[in-house]
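I opened the model today to look up a few residues and their surroundings. These are my notes, in the order I made them.

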Amino acid sequence: MKKATFLSAAKAVLTLFIFAGILTACSNSTSSDDHEHGDAEGFRLKMNGQTIVEQLPEQDITGEFELEPSQETDLITIFFIDHDGQEFQPEDDSYSLGYEFEEDGIAEFEQHAEDGKWSFHLHAEAEGVTDLRLMLMHNGHSDLTSQGIHVHVEASGQ
């Protein structure tokens, strides 16, 4: 009888140790989850190391693009901003950059594979004004859609 009680107690202790080990492993502070970002709540567009346009969490967009017809911008790179103000670019292949213009034919969005999926150029097509909306696409839907980014195309001297 004593043998069965000792064996039952040993099984119970072993089960507790296994359960505690699983809980400890799930809350391990060295896990890769510490390097994960929060959800995108804003973004920054940088060109030549300078922020050109940004939309901070819960704020209005600042900045715009002013181009001349046929002009193409230098490389523009987007960095998303989480609630804590940290910049990030999703590494998961299920994320991509989407865009739409309010008016077609004024500017063109150009992405080249060699520039990476978070970089692009704007190419001025014709004089006029349009708004560009950028979207953080995830599995066919937008996780973040920007406010309208003003794109103004006008010949110099006007």
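I began at Asn48, which is placed in the loop between strand 1 (42-47) and strand 2 (50-55). Strands here are DSSP runs of E with at least two residues, numbered from the N terminus. The model is predicted, so I noted the limits: local features need pLDDT of at least 70, side-chain atom pairs count only at pLDDT 80 or more, and totals for chains, interfaces and linings use all residues. Residues are numbered from 1 along each chain as its sequence is written, and side-chain values use heavy atoms, with hydrogens and water left out.

I read a positive phi of about 55° for Asn48, which is not a glycine. Most residues other than glycine have a negative phi. Asn48 counts as exposed because its relative accessibility is 59%. Exposed means over 50% relative accessible area, buried under 20%, and partly exposed in between (1.4 Å probe, protein chains only).

I then went to Asn139, in the loop between strand 9 (128-138) and strand 10 (141-145). Its phi is also positive, near 50°. Asn139 counts as exposed, at 59% relative accessibility.

**Glu54**

I found Glu54 in strand 2. Its side chain makes a polar contact of 2.7 Å with the side chain of Arg44. A polar contact is a pair of N or O atoms within 3.5 Å; within protein, one must be able to donate a hydrogen and the other to accept it, and residues adjacent in sequence count only if both atoms are side-chain atoms. Leaving aside neighbours within four places in sequence, Glu54 is in contact (heavy atoms within 4.5 Å) with Phe43, Arg44, Asp60, Ile61 and Thr62.

**The core**

Which residues have the most contacts inside the largest nonpolar core? I listed Leu45, Phe80, Leu122, Leu134 and Ile149, in a core of 29 residues. Such a core is a set of buried Ala, Val, Leu, Ile, Met, Phe, Trp, Tyr and Cys residues joined through side-chain atoms within 4.5 Å. Elements giving two or more residues to this core include strand 1, strand 4 (76-81), strand 8 (119-124) and strand 11 (149-153). Beyond four places in sequence, the contacts of Leu45 include Phe65, Ile78, Phe120, Leu134 and Ile149.

**Thr130**

A polar atom of its side chain lies 3.4 Å from the backbone nitrogen of Glu102. Thr130 and Glu103 are 27 residues apart in sequence, yet 5.4 Å apart in space, C-alpha to C-alpha. Not counting residues up to four places away, Thr130 also touches Ile149, His150 and Val151, among others.

Conventions. Helix = DSSP H or I, 4+ residues; strand = E, 2+ residues; numbered from the N terminus.
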